[in-house]
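Trainee: I would like to learn how to read a model like this one. Please take me through it one feature at a time.

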Amino acid sequence: MLERRTLHDDLVDHLVRSTPLARGEAARVVLDVLAYFDETTEEFVRRRHRELRARGLTNEAIFERIAEELPRRAVAPPGLSLRQLRRIVYG
């Protein structure tokens with residue numbers, strides 16, 4: 001069976017050489033990382049709100065924490081106020 005080549009084969013090859021991962025596992029890791037970085041600001045805010053809410057944090061603590069986390073994203077979004085963060089979650 002022929003292997004299908006992808007845009008990120010060089011990265012998959014590197015992971016296979018430098019880790020104990022098999023090629024299929026390395027490809028899945030690459031796809032997971034790419035999906036993580038493809039997440040929009042709105043998706044990130046909603047996801048983090050759900051995760052932090054599930055841990056029992058209050059909205060006040062959640063929105064302050066999200067505001068602190070956003071600038072550390074790989075591609076930092078523009079600064080958002082706490083009100084803008086609330087609007088992303090609640091519309």
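Trainee: Is Arg 48 buried or exposed?

Mentor: The model is predicted, and burial is read from relative accessibility, with under 20% counting as buried. Arg 48 has 8% relative accessibility, so Arg 48 counts as buried. Arg 48 sits in helix 3.

Trainee: Which residues does Arg 48 touch, not counting residues up to four places away in sequence?

Mentor: With those neighbours set aside, Arg 48 touches Arg 55, Arg 65, Ile 66 and Glu 69. There is also a polar contact, at 2.6 Å, between the side chains of Arg 48 and Glu 51. Glu 51 lies in helix 3 too, and with 29% relative accessibility Glu 51 counts as partly exposed.

Trainee: How far apart in space are Glu 51 and Asp 13?

Mentor: Sequence separation and spatial distance are read separately. Glu 51 and Asp 13 are 38 residues apart in sequence, and their C-alpha atoms are 33 Å apart in space. For Arg 17 and Arg 46 the figures are 29 residues in sequence and 36 Å in space, again C-alpha to C-alpha.

Trainee: What does the face of helix 1 turned away from the buried side carry?

Mentor: That face carries the exposed residues Asp 10 and Arg 17. Arg 17, within the helix 1 span of residues 9-18, has 65% relative accessibility and therefore counts as exposed, the cut-off being over 50%.

Trainee: Asp 9 is on the list of buried residues. What does the side chain of Asp 9 make a polar contact with?

Mentor: Asp 9 has a relative accessible area of 6% and is buried. The side chain of Asp 9 makes a polar contact with the side chain of Arg 23, at 3.2 Å.

Trainee: Which backbone oxygen lies 2.8 Å from a polar atom of the Ser 18 side chain?

Mentor: A side chain can also be read against the backbone. Here the backbone oxygen of His 14 lies 2.8 Å from a polar atom of the side chain of Ser 18. Ser 18 is found in helix 1 and is partly exposed, with a relative accessible area of 45%.

Trainee: At what angle do the axes of helix 3 and helix 5 cross?

Mentor: For a helix pair, read the approach of the axes and then the angle. The axes of helix 3 (residues 41-54) and helix 5 (residues 82-90) come within 9 Å and cross at roughly 80 degrees. The two helices are therefore roughly perpendicular to each other. Helix 3 contributes Glu 42, Val 45, Arg 46 and His 49 to the contact, and helix 5 contributes Leu 85, Ile 88, Val 89 and Tyr 90.

Trainee: Where in the chain is confidence lowest, and where is it highest?

Mentor: Where pLDDT is low, the predicted coordinates should not be read in detail. Confidence is lowest in helix 2 (residues 23-38), with a mean of 92, and highest in helix 4 (residues 59-69), at 96. The chain has a mean pLDDT of 90, and 91% of its residues reach 70 or more.

Key
Residues numbered from 1 in each chain as written. Heavy atoms only, no water. Helix = DSSP H or I, 4+ residues; strand = E, 2+ residues; numbered from the N terminus. Buried < 20%, exposed > 50% of the residue type's maximum accessible area, 1.4 Å probe, protein only. Polar contact = N/O pair within 3.5 Å; in protein donor to acceptor, adjacent residues only side chain to side chain. pLDDT = per-residue confidence, 0-100. Axes fitted to C-alpha atoms, helices over the stretch in contact; angles between N-to-C directions. Parallel < 35°, antiparallel > 145°, perpendicular 65-115°, else oblique. Contact = heavy atoms within 4.5 Å.
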